[in-house]
Amino acid sequence: MKDTTTLFIVSVSAAILICVPILIIIWPNYIYMGYLLVLFVGIAVGPITAYNYLQSLRYRDMEKHFPAFLQELAEAKRAGMNLPNAIINASKTNYGALSVEIRKMANQLSWGVPLPKVLRMFQKRTEKSVYINRSMAIILESYHGGGNIANTLEAISHSISTVKEVEANRESILKEQVIIIYAIHFIFVGIIIAMYKIMLPLLAVQGSPGSTLFTAASEAPSTQYFKVLFFLTLAIQSVCNGVVAVSYTHLTLPTN
């Protein structure tokens with residue numbers, strides 16, 4: 001949360017520093033001010049959006065490999081290995097984005113950090129993942145309660161795998177809706193381009209002899225007016241379609 005807030009503040013500050021001097025130069029040209037508004041939003045929101053998207057991909061990859069990691073710990077525990085050594089041994093296996101966190105735990109354990117503290121730090125670092133956060137809370141309770149940790153690890157692994165399978169099925173259905181949204185968007189882009197290409201020749205003849213398109217040249221909007229109108233319309237449509245697509249995507253995520 002702190003990293004996200006810092007990045008947002010830096011992005012907004014950069015957008016202000018870049019756009020304010022440009023605004024002073026182009027003032028009061030309202031046409032270019034419309035372009036500048038879109039540029040400001042892009043600079044302010046773009047980096048935080050990209051960061052959150054990459055973080056989402058990272059956590060999804062971690063959740064994908066987390067059941068296999070728990071399963072390995074359970075098998076090692078049943079083979080007679082204690083949990084710290086099982087984690088150190090698992091750090092040699094490739095678990096995608098989760099491997100970095102497992103190696104951190106293995107290093108901390110090798111330095112003599114107590115296992116409960118290592119697990120809590122891992123839980124803190126991955127708190128944005130509902131699956132991992134809840135699983136680590138259960139594992140810590142089982143460890144402190146003195147229960148059969150191997151059965152607990154295996155049960156959590158099986159539960160996460162089942163839930164992720166159901167989530168994947170639901171996501172495949174929702175992806176069809178997202179594809180439809182993208183298709184509608186590109187059709188809209190095509191319509192805007194077609195209108196712009198057709199209207200330009202019509203506007204070009206407004207001042208020609210015998211033209212009846214407009215009763216007076218002053219009544220005809222300029223070409224630049226239509227450029228801004230179509231551009232802002234397309235920008236608003238793009239943002240709205242993106243919001244709807246993101247809403248569909250978040251329907252696949254677990255709720256707290």
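In helix 5, Leu115, Pro116, Leu119, Arg120, Phe122 and Gln123 meet Ile132, Asn133, Met136, Ala137, Ile139, Leu140, Tyr143 and His144 of helix 6, where contact means heavy atoms within 4.5 Å, and where helices (H or I, at least four residues) and strands (E, at least two) are DSSP runs numbered from the N terminus. Sorted by class, this contact of helix 5 with helix 6 has 10 nonpolar, three polar and one charged residues; Ala, Val, Leu, Ile, Met, Phe, Trp, Tyr, Cys and Pro count as nonpolar, Asp, Glu, Lys and Arg as charged, and the others, Gly among them, as polar.

The model is a predicted one, in which local features need pLDDT of at least 70 and side-chain atom pairs count only at pLDDT 80 or more, while totals for chains, interfaces and linings use all residues. Residues are numbered from 1 along each chain as its sequence is written, and side-chain values use heavy atoms, with hydrogens and water left out.

Taken as a whole, the protein has eight helices and zero strands, and its elements run α-α-α-α-α-α-α-α from the N terminus on. Of its 256 residues, 30% count as buried, a term that stands for under 20% relative accessible area, with exposed meaning over 50% and partly exposed in between (1.4 Å probe, protein chains only). Among contacts between residues at least 6 apart in sequence, 64% join residues at least 24 apart.

Two packed helices are described by the angle between their axes and the distance between the axes. The axes are lines fitted to C-alpha atoms, for helices over the stretch in contact, and the angles run from 0 to 180 degrees between N-to-C directions. Helix 5 and helix 6 (residues 130–145) pack at an angle of about 165°, with their axes 9 Å apart, which makes helix 5 roughly antiparallel to helix 6; angles under 35 degrees count as roughly parallel, over 145 as roughly antiparallel, 65 to 115 as roughly perpendicular and the rest as oblique. Helix 5 passes helix 6 in a left-handed crossing, and a crossing is left-handed if the near helix is turned anticlockwise from the far one by less than a right angle, and right-handed if clockwise.

Helix 3 passes helix 4 in a left-handed crossing.

Alanine 90 of helix 3 counts as buried at 0% relative accessibility. Not counting residues up to four places away in sequence, alanine 90 touches Phe69, Glu72, Leu73, Tyr95 and Ile102, and its C-alpha atom is separated by 7.2 Å from that of glutamate 72, 18 residues apart along the chain.

A pair of aromatic rings is described by the distance of the centres and the angle of the planes. Rings of Phe, Tyr and Trp (its six-membered ring) pair if their centres lie within 6.5 Å, and planes under 30 degrees apart count as stacked, over 60 as edge-to-face and the rest as tilted; by this rule the count comes to three aromatic pairs. In one of them, the rings of phenylalanine 66 and phenylalanine 69 have centres 6.2 Å apart and planes at 40°, so the pair is tilted. Both residues lie in helix 2 (residues 30–78), three residues apart, about one turn of the helix. Phenylalanine 66 is buried at 0% relative accessibility, and phenylalanine 69 is buried with a relative accessible area of 2%. Phenylalanine 69 also pairs with tyrosine 95, with ring centres 5.9 Å apart and planes at 75°, so this pair is edge-to-face. The pair links distant parts of the chain, since phenylalanine 69 is in helix 2 and tyrosine 95 is in the loop between helix 3 (83–90) and helix 4, 26 residues apart.
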